[in-house]
Amino acid sequence: MEASEKKALVNRLRRAEGQVRGLEQMIETERAAKEILTQLAAAREALKKVGLAVLEEEIRNFEAIEAKEERVRAEELMALVRQITKG
């Protein structure tokens, strides 16, 4: 993984960490359920994006993927994973 990609993932994780801290505070101060659920969805989405980026990097680095055709299949697999994890 390139340094810039790693830095982007770390930044994304830090934002998610801040969102979780914000959720703690929202619950402690008894904020409206709608606000809490919105923030929770945002934190969950941030973590999902990190997971997908890590998975994508793993697939790209998979040693068995050498031929161009196999790389195309890996990209199709990633598209499928993104579609499945939308919910």
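Buried means under 20% relative accessible area, exposed means over 50%, and partly exposed is in between, with a 1.4 Å probe and protein chains only. I start there because Glu30 comes out as exposed, with a relative accessible area of 70%.

**Ground rules.** I am working on a predicted model, where local features need pLDDT of at least 70, side-chain atom pairs count only at pLDDT 80 or more, and totals for chains, interfaces and linings use all residues. Residues are numbered from 1 along each chain as its sequence is written, and side-chain values use heavy atoms, with hydrogens and water left out.

**Overall layout.** I looked up the secondary structure and found 3 helices and 0 strands in the chain. Helices here are DSSP runs (H or I, at least four residues), strands are E runs of at least two, and both are numbered from the N terminus. Along the sequence the pattern reads α-α-α. Of the 87 residues in the chain, 20% are buried. I also checked contacts (heavy atoms within 4.5 Å). Among those with a separation of 6 or more, 49% are between residues 24 or more positions apart.

**Helix lengths.** I compared end-to-end spans with the expected value, which is 1.5 Å times one less than the number of residues. The 26 residues of α1 should span 38 Å, and its end C-alpha atoms are 38 Å apart, so that agrees. α2 has 29 residues and reaches 42 Å from first C-alpha to last, close to the 42 Å expected.

**The α1/α2 pair.** Two packed helices are described by the angle between their axes and the distance between the axes. I took α1 as residues 3-28 and α2 as residues 33-61; their axes come within 9 Å and cross at roughly 160°. Axes are lines fitted to C-alpha atoms, for helices over the stretch in contact, and angles run from 0 to 180 degrees between N-to-C directions. α1 and α2 are therefore roughly antiparallel (the label for angles over 145 degrees; under 35 is roughly parallel, 65 to 115 roughly perpendicular, the rest oblique). By class, the contact of α1 with α2 has 16 nonpolar, 2 polar and 5 charged residues. Nonpolar covers Ala, Val, Leu, Ile, Met, Phe, Trp, Tyr, Cys and Pro, charged covers Asp, Glu, Lys and Arg, and the others, Gly among them, are polar.

**Buried side of α1.** I listed Leu9, Ala16, Gln19, Leu23 and Met26 as buried in α1. What covers them includes α2. In α2 the buried residues include Ile36, Ala43 and Ala46, and also Glu56 and Glu57.

**Leu23.** Leu23 is buried at 9% relative accessibility. Leaving out residues up to four places away in sequence, Leu23 touches Ile36, Gln39, Leu40 and Ala43. Its C-alpha is 9.2 Å from that of Glu35, 12 residues apart in sequence.

Beyond its neighbours within four places in sequence, Gln19 is in contact with Gln39, Ala42, Ala43 and Ala46.

**The loop.** Back to Glu30, which lies in the loop between α1 and α2. Its phi is positive, near 55°, in a residue other than glycine. Most residues other than glycine have a negative phi.
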